Amino acid sequence: MIDYLRVPPKKQNAGMIFRRALLRELATSAAATFLVLLGISVTTQLVRLLGQAASGMITSTGVVALLGFTLVGYLPILLSVTLFIAVLMTLTRSYRDSEMVVWFSCGQGLSRWISPVLKFAAPLLLIIALLSLLLSPWAVEKSEEFRRQMDSRDDVAQVTPGVFHESRRADRVYLVEEVPGKSNLVANVFVSSSQNGKDGVMVAQSGFQETAVNGDRFLVLLNGRRYEGEPGSPEYKIFEFERYAMRIETGEAVDRAPTTKMLSTLELLREPTPRNLGELSWRVGLPASALLLCLLAIPLSFVNPRAGRSMNIVLAILVYMIYSNVLSIMQASIAQSRIDVVTGMWGVHAAMLLLLLGMFYRRLSVFSLWRLFR
């Protein structure tokens with residue numbers, strides 16, 4: 001028993017405990033950051049889609065589907081930001097709580113953080129790559145296909161209860177009230193139409209849709225009136241009817257040219273046009289930038305008490321914004337053939353890698369440079 005107490009603890013056991021604690025803290029910080037970013041994205045996209053549903057551009061049932069497709073396209077960016085913020089905030093807290101002082105006092109260099117950070121980031125980087133290269137183009141394609149299906153609906157199908165809706169030909173305006181619990185039946189129907197230079201207004205107590213034998217669809221109005229006359233003229237004709245059928249114009253889906261965001265990664269490689277190469281550089285750049293950013297967060301997390309505790313956060317936000325904007329600029333430059341694909345795709349990442357090495361050198365030179373290879 002005495003001999004066992006005299007045995008010093010192994011360094012690898014202490015290192016394992018440290019790595020487990022670090023991975024647990026990184027996971028907690030990443031989960032909280034991702035939920036906040038996801039909540040912001042869901043809220044903004046939901047408000048936009050609900051506005052489109054209120055105007056009749058999309059159906060209320062299509063809001064959830066379009067929201068899901070949109071979020072799949074945003075997930076690579078959200079995960080990249082999550083990874084960057086999680087590593088930055090975790091290591092910043094270590095500086096503020098003087099844990100780094102203890103870490104450096106034990107003879108450990110800043111480069112020792114690279115291994116656990118990469119171990120934590122590896123699964124997220126794989127997910128970002130899969131989303132960017134495979135799932136995001138699929139989500140964009142399905143979203144566009146879903147919108148084309150909704151555009152092919154007829155005029156009456158696009159009418160939202162309580163909202164004025166104009167027909168495709170701009171010759172009719174509809175306003176209806178929904179009857180709760182009764183399908184295919186509406187109440188208090190208002191239809192304003194323009195035919196042969198005469199404006200007509202029809203109001204009816206109720207109405208429903210009916211399909212003829214030949215497949216034509218009609219909006220049947222019951223117990224209503226039609227007011228017809230010329231604008232500015234006091235002469236108006238009033239017709240009362242018990243049943244009035246209006247033919248519903250069937251919409252046709254508009255064929256839109258596929259955008260580069262809808263093409264799969266294999267299709268981009270098969271047709272290396274400037275626009276396709278620009279899109280490919282963006283997709284490949286997302287996981288590459290996520291890797292560089294999570295490593296860059298290690299030296300950026302340094303906190304100098306004399307300079308203020310928030311200076312590193314401001315610098316990190318500035319670096320991320322510049323990096324992201326330059327990637328977008330390079331994508332547009334490649335698509336417009338202003339720059340070759342090799343320089344545009346890898347030049348930004350090479351510059352960021354040099355910045356990463358320079359910041360590591362600066363931080364390590366304060367302590368001991370030889371710890372970089374220890």
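Which helices each supply at least two residues of the lining of the largest cavity? In this predicted model, they are H7, H8 and H9. The protein has 374 residues, of which 38% count as buried, and its secondary structure comes to nine helices and six strands. Among contacts between residues at least 6 apart in sequence, 58% join residues at least 24 apart.

**Helix H7**

- Helix H7 covers residues 274-300 and bends by about 35° at Gly 285.
- A proline, Pro 287, follows the bend site within four residues.
- H7 is largely enclosed by the rest of the structure, because 22 of its 27 residues are buried.

**Nonpolar cores**

- The largest nonpolar core has 39 residues, and those that touch the most other members are Leu 83, Val 87, Cys 294, Leu 296, Ile 298, Leu 300 and Tyr 323.
- Two or more residues of this core come from each of helix H2 (11-54), helix H3 (62-96), helix H5 (114-151), H7, helix H8 (311-335) and helix H9 (341-367).
- H7 is the element that gives the most to this core, at eleven residues.
- Beyond its neighbours within four places in sequence, Val 87 is in contact with Leu 26, Val 117, Cys 294, Ala 297 and Ile 298.

**Largest pocket**

- The largest pocket holds about 560 Å³ of space.
- It is lined by 24 residues, and Gly 73, Tyr 74, Ser 136, Val 140 and Lys 261 are the closest to its centre.
- H3, H5 and H7 each supply at least two residues of this pocket's lining, with the largest share, eight residues, coming from H5.
- By class, the pocket lining has eleven nonpolar, seven polar and six charged residues.

**Largest cavity**

- There is one cavity of 30 Å³ or more in the structure, and the largest cavity contains about 50 Å³ of space.
- The residues that line the largest cavity are Ser 281, Trp 282, Leu 327, Met 330, Gln 331, Gly 344, Met 345 and His 349.
- The cavity lining has four nonpolar and four polar residues, and no charged residues.

**H7 across the features**

Technical notes
Residues are numbered from 1 along each chain as its sequence is written. This is a predicted model: local features need pLDDT of at least 70, side-chain atom pairs count only at pLDDT 80 or more; totals for chains, interfaces and linings use all residues. Side-chain values use heavy atoms; hydrogens and water are left out. The bend at a residue is the angle between axes fitted to the seven residues ending there and the seven starting there. Buried means under 20% relative accessible area, exposed over 50%, partly exposed in between (1.4 Å probe, protein chains only). A nonpolar core is a set of buried Ala, Val, Leu, Ile, Met, Phe, Trp, Tyr and Cys residues joined through side-chain atoms within 4.5 Å. Contact means heavy atoms within 4.5 Å. On a 1 Å grid over the protein atoms alone, a cavity is a set of points where a 1.4 Å probe fits but cannot get out, and a pocket is an open set with protein on both sides within 12 Å along at least five of seven lines; lining residues have an atom within 4 Å of a point. Grid points are joined across faces, edges and corners, and a volume is the space filled by probe spheres set on the points. Ala, Val, Leu, Ile, Met, Phe, Trp, Tyr, Cys and Pro count as nonpolar, Asp, Glu, Lys and Arg as charged, and the others, Gly among them, as polar.
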